[in-house]
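Let's take a walk through a protein structure together, one stop at a time. Keep the picture open while you read, and look up each residue as we get to it.

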Amino acid sequence: MSERDVFEYALLRVVPRIERGECINAGVLVYCRAKSFVAARTHLDERKLLALDPDADVAGVRAALSAVEGVCTGGAAAGQAARDDAGRRFRWLIAPRSTVVQPGPVHTGLTADPAAEAERLLGLLVR
């Protein structure tokens, strides 16, 4: 059996009309301190989004999800967060906010491969 490390994850939710509180899952954030790993995997179901709000800004939601992926990736795509380590970027991304794209609660688990875990969670909880 391969060694497994603790990881944390949070869903990315799209709340097109904050006042209604309705949401769809559109991504997952995964952080593994032992591997200095942070990543976001996203999938926007445009049909579900437009069912909640026919006037939703689909391009704006896609841009916000892409920005989250960029912060996780680091480098120039992360903007001011580029100098932060993986843990600081994850903590910044999971901070509560009242925007259209919001993080859900943080959960934990064990994994031998955090990148594979991100894909597994995307398939299980988002797609």
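This is a predicted model: local features need pLDDT of at least 70, side-chain atom pairs count only at pLDDT 80 or more; totals for chains, interfaces and linings use all residues.

Let's begin with the aromatic rings. How many aromatic pairs does the structure hold? There are two of them. One is made by phenylalanine 7 and tyrosine 9, with ring centres 5.8 Å apart and planes at 25°, so this pair is stacked. To see the reasoning, you need the cut-off: planes under 30 degrees apart count as stacked. Are these two residues buried or exposed? Phenylalanine 7 is buried, and tyrosine 9 is buried too.

Now find the other pair, tyrosine 31 and phenylalanine 90. Their ring centres lie 5.2 Å apart and their planes are at 20°, so here again the pair is stacked. Where do these two sit along the chain? Tyrosine 31 belongs to strand 2 (residues 24–32), while phenylalanine 90 belongs to helix 3 (residues 86–94), so the pair ties together parts that are 59 residues apart in sequence. Tyrosine 31 and phenylalanine 90 are both buried.

There's one more ring to look at, that of tryptophan 92. Arginine 97 lies over its face, 5.1 Å from the ring centre.

Next, let's see how two helices sit against each other. In general, two packed helices are described by the angle between their axes and the distance between the axes. For helix 2 (residues 58–73) and helix 3, the axes come within 9 Å and cross at roughly 160°. Angles over 145 degrees count as roughly antiparallel, and helix 2 and helix 3 are therefore roughly antiparallel to each other. Which residues make this contact? From helix 2 come Val68, Val71 and Cys72, and they meet Arg89, Trp92 and Leu93 of helix 3. Sort the residues of this contact by type and you get five nonpolar, no polar and one charged.

While you're in this area, follow the chain into the loop between helix 2 and helix 3, where you'll find glycine 74. This glycine 74 is buried, with a relative accessible area of 9%. From glycine 74 to arginine 89 it is 15 residues in sequence and 8.5 Å in space, C-alpha to C-alpha.

Now for a buried residue in another helix. Leucine 49 lies in helix 1 (residues 46–52), and its relative accessible area is 0%, so leucine 49 is buried. What does leucine 49 touch, not counting residues up to four places away in sequence? The list is Val14, Pro16, Ile24, Leu44, Ala56, Val58 and Val61. Take proline 16 from that list: leucine 49 and proline 16 are 33 residues apart in sequence, and their C-alpha atoms are 7.4 Å apart in space.

Let's move on to helix 4 (residues 114–125), where glutamate 117 is found. Is glutamate 117 buried or exposed? At 10% relative accessibility, glutamate 117 counts as buried. If you leave aside its neighbours within four places in sequence, glutamate 117 is in contact with Phe7, Leu110 and Thr111.

With 45% relative accessibility, arginine 120 counts as partly exposed. Arginine 120 and glutamine 80 are 40 residues apart in sequence and 30 Å apart in space, going from C-alpha to C-alpha.

Our last stops are in two loops. Glutamate 19 is in the loop between strand 1 (5–14) and strand 2. Its relative accessible area is 61%, so glutamate 19 is exposed. Glutamate 19 and alanine 78 are 59 residues apart in sequence, and 30 Å separates their C-alpha atoms in space.

The other loop runs between strand 2 and strand 3 (37–42), and serine 36 is found there. At 59% relative accessibility, serine 36 counts as exposed. Check its backbone too: serine 36 has a positive phi of about 50°, although it is not a glycine.

Methods. Residues are numbered from 1 along each chain as its sequence is written. Side-chain values use heavy atoms; hydrogens and water are left out. Rings of Phe, Tyr and Trp (its six-membered ring) pair if their centres lie within 6.5 Å; planes under 30 degrees apart count as stacked, over 60 as edge-to-face and the rest as tilted. Buried means under 20% relative accessible area, exposed over 50%, partly exposed in between (1.4 Å probe, protein chains only). Helices (H or I, at least four residues) and strands (E, at least two) are DSSP runs, numbered from the N terminus. A charge sits over a ring if NZ of Lys or CZ of Arg is within 6 Å of the ring centre and within 35 degrees of the ring normal. Axes are lines fitted to C-alpha atoms, for helices over the stretch in contact, and angles run from 0 to 180 degrees between N-to-C directions. Angles under 35 degrees count as roughly parallel, over 145 as roughly antiparallel, 65 to 115 as roughly perpendicular and the rest as oblique. Contact means heavy atoms within 4.5 Å. Ala, Val, Leu, Ile, Met, Phe, Trp, Tyr, Cys and Pro count as nonpolar, Asp, Glu, Lys and Arg as charged, and the others, Gly among them, as polar.
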